[in-house]
Structures are given as structure tokens and as C-alpha cells.
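Visitor: Please walk me through some of the labels used for this structure, and how each one is reached.

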Amino acid sequence: MGDKLPIDCISWRIMPSTNKDDVWDFIQRKFDVPISLHDFVMKDLDQKWRSWKYDLRTKFFTPYQKAQQHFACSDTRVVEDQWKNLVKIWSSEEFKKRSETNKQNKSKHTFFHCAGSKSFADIYHEEP
């Protein structure tokens with residue numbers, strides 16, 4: 001899928017719509033997916049694409065190492081040129097700064113999105 005959804009694209013929002021349309025066409029040819037599920041499938045692809053990049057980063061990229069040491073990814077599913085571009089992005093000062101800002105903001109959260117298997121209403125009623 002590297003030719004359809006390249007990993008060296010910075011964000012899903014700026015992924016060319018032609019790429020997304022190609023993947024949607026591929027999915028419709030391979031599976032019987034109604035057009036009404038287009039938005040759901042695209043949101044799911046967005047999440048899976050970001051998770052894939054995160055997995056690659058945690059397995060094959062060590063911050064603060066020289067970029068040249070990262071230019072080989074042992075995952076055979078990764079397109080080599082895309083990996084090199086992605087390493088350059090991750091090694092850039094702009095990315096490091098944005099990452100640090102996001103970490104600081106995340107650490108300030110006091111309310112979390114999920115509460116396990118109990119609904120927020122159940123938790124609210126249990127509190128004294």
C-alpha cells in the first residue's frame with residue numbers, strides 16, 4: 001500500500017485526495033462495501049495509517065541518533081525512499097519542537113477520554 005498511502009506524508013489531512021480515492025476504489029473492488037460507509041472507512045484508514053507510522057517509529061527509530069543510522073528499515077513492507085523521507089521529517093527541529101509541545105500539553109490533561117468499561121453516567125452516579 002506504500003504506493004497508495006505513502007508514510008512520508010506529514011498528515012492524513014494533506015494526503016492527496018487522489019491517493020485516498022484510489023484506496024477507496026481498491027477497497028470497493030476487493031470487498032462489498034456500500035458507499036454509505038465511505039466516511040467511516042476513511043476515518044478508520046486515517047487511524048490505521050497513523051498507528052502504522054507510530055509502530056514504525058517505536059520499532060525502528062531512536063530519537064537523537066544520527067539520521068544516517070536510521071536509513072535502513074528492516075520491515076519489508078516499507079518503501080525505502082518513503083522511509084528515508086520520514087526519518088528526515090522525524091529528525092527535523094520543527095518535528096521535535098512540535099512533539100515536545102504535544103507531550104507537555106498531554107501531561108496537563110486531568111480528564112481522560114475513556115473510563116474503561118463503565119459509562120461516564122455510571123461513574124458519575126457512583127461518586128459521593
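**Labels and their grounds**

Guide: In this predicted model, the charged end of R57 sits over the ring of W90, 5.5 Å from the ring centre.

Visitor: Why is α2 called roughly perpendicular to α3?

Guide: The axes of α2 (residues 38-60) and α3 (residues 80-91) cross at roughly 80°. Angles of 65 to 115 degrees count as roughly perpendicular, so α2 is given that label relative to α3.

Visitor: Why is the pair of F60 and W83 called edge-to-face?

Guide: The ring centres are 6.4 Å apart, and pairing requires them to lie within 6.5 Å. The planes stand at 90°, and over 60 counts as edge-to-face, so F60 and W83 get that name.

Visitor: What makes W12 and W49 a tilted pair?

Guide: Their planes are 55° apart, which falls between the limits of 30 and 60 degrees, so the pair is tilted.

Visitor: How do you know whether F60 and W83 are buried or partly exposed?

Guide: Buried means under 20% relative accessible area. W83 has 1%, so W83 is buried. F60 has 23%, so F60 is partly exposed.

Technical notes: Residues are numbered from 1 along each chain as its sequence is written. This is a predicted model: local features need pLDDT of at least 70, side-chain atom pairs count only at pLDDT 80 or more; totals for chains, interfaces and linings use all residues. Side-chain values use heavy atoms; hydrogens and water are left out. Axes are lines fitted to C-alpha atoms, for helices over the stretch in contact, and angles run from 0 to 180 degrees between N-to-C directions. Helices (H or I, at least four residues) and strands (E, at least two) are DSSP runs, numbered from the N terminus. Angles under 35 degrees count as roughly parallel, over 145 as roughly antiparallel, 65 to 115 as roughly perpendicular and the rest as oblique. Rings of Phe, Tyr and Trp (its six-membered ring) pair if their centres lie within 6.5 Å; planes under 30 degrees apart count as stacked, over 60 as edge-to-face and the rest as tilted. Buried means under 20% relative accessible area, exposed over 50%, partly exposed in between (1.4 Å probe, protein chains only). A charge sits over a ring if NZ of Lys or CZ of Arg is within 6 Å of the ring centre and within 35 degrees of the ring normal.
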